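User: I'd like to learn how to read a fold from its contacts and charges. Can you walk me through one?

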Amino acid sequence: MKVDVQLDGRLEDAAARARELVSLGADGLFTFEGPHDVFVPLVAASGVVEADLMTNVAIALPRSPMHLAHIANDLQTLSRGRFRLGLGSQIRPHIERRYGAQWSRPAARMRETVLAIKAIFAAWEGRAPLRFEGEFTTHTLMPPTFNPGPNPYGTPEICLGALGPLMTRAAAEVADGLLVMPFNSARHFRERTLPAIEEGLELGGRARSDLAIYPQVIVATGRTPEELDAAARGVRGLLAFYGSTPAYRPVLEVEGWADVQPELNVLSKRGEFAAMAELIDGDMMATLAVHGTPEQCAAEIVARFGDHADRVCCYFPGYPVSDSHVAELISAVKAARP
């Protein structure tokens, strides 16, 4: 099983950090669209490492499919065929109030975005004229001046981040890969994600082999009691943040914790973040994340996803994980499922 880890830290250190993470055994690096642009660190990394690179995720709704196609095509070239375009929709308040963009029917919009980018790629590859006319976006003009031509490494894979059934079905129907939301549980993945995948594949007339599944896992790891406690505190904070979002309630619901979501939401609006984290008890953390030594975390990751995926994305949020522990986790995952 391949392991991807987040390329984070300062932008000016992106190239050096990319080298360090690959030296720890990481097969791929991904970026998060937080306080910095999601593409820029990958530009820096593309010239210095022979690793797979991915946006995880680029927020698609405020961006034109043409913009996304151009940057993905360029990163595919810079990385010599190692780039995957991971796209996500974000939730309504961020799209409307942070990005100043339009929000409606996110699954339908994301489905169309993937199809539009694929149509643009096909035009550049010379397989078909550009003639995409959708409900939300239209692309019918591609003069030679703006056509980069065929990519020497082929077109990059397009992955779609999803949690709910509508978005998961859309991903399975049209995307090359599904990025399974990290706020998840083994039961939710088994009972809700996998059936939605099968429905989407059937809608698209596709086989299971047509869709790569990339589970994402929140990891709280360490060896000493002090390290494990710090990891747990950091992860509880992120889980509380995710859990406060109404769109993520189904994950809590399937585990019998639906009543916690509105309480977290109220606290988040008051800015009572410490109180939010206190609502995430040990059972919730062990179910929604993985917690323990690198070897224990690796065993849990493989147990949850080893039958369904050949690659996993690991996050270490809110605490200072040591490079040695990251390397040990990667090694243990690969040893458990070569």
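User: Among contacts between residues at least 6 apart in sequence, what percentage join residues at least 24 apart in the protein chain?

Analyst: Keep in mind that this is a predicted model. Take the contacts between residues at least 6 apart, then ask which ones span at least 24: here that's 72%.

User: How do I read the radius of gyration for 338 residues?

Analyst: You set it against the value for a compact globule, which would be near 20 Å at this length; the protein chain has 20 Å, so the two agree. The C-alpha trace spans about 60 × 40 × 35 Å along its principal axes, and 50% of the residues count as buried.

User: And salt bridges: how many are found in the whole structure?

Analyst: The search turns up 27. Look at which parts each one links. Glu173 and Arg111 pair up at 3.0 Å, N to O, joining helix H6 to helix H5 across 62 residues.

User: Is Glu173 buried or exposed?

Analyst: Buried, because its relative accessible area is 16% and the cut-off is under 20%. Arg111, at 31%, is partly exposed.

User: Which parts does the Lys118–Asp176 pair tie together?

Analyst: Lys118 sits in helix H5 and Asp176 in the loop between H6 and strand E9, so the bridge ties together parts 58 residues apart in sequence. Its N to O distance is 3.3 Å.

User: Which residues do shared partners join into one network?

Analyst: Asp4, Glu50, Asp52, Arg80, Arg82, Arg84 and Arg311. Within that set, Glu50 and Arg80 meet at 2.6 Å, N to O.

Conventions: Residues numbered from 1 in each chain as written. Predicted model: local features only at pLDDT ≥ 70, side-chain atom pairs only at ≥ 80, totals over all residues. Heavy atoms only, no water. Rg over C-alpha atoms; globule rule 2.2 N^0.38 Å. Buried < 20%, exposed > 50% of the residue type's maximum accessible area, 1.4 Å probe, protein only. Contact = heavy atoms within 4.5 Å. Salt bridge = Lys/Arg side-chain N within 4 Å of Asp/Glu carboxyl O. Helix = DSSP H or I, 4+ residues; strand = E, 2+ residues; numbered from the N terminus.
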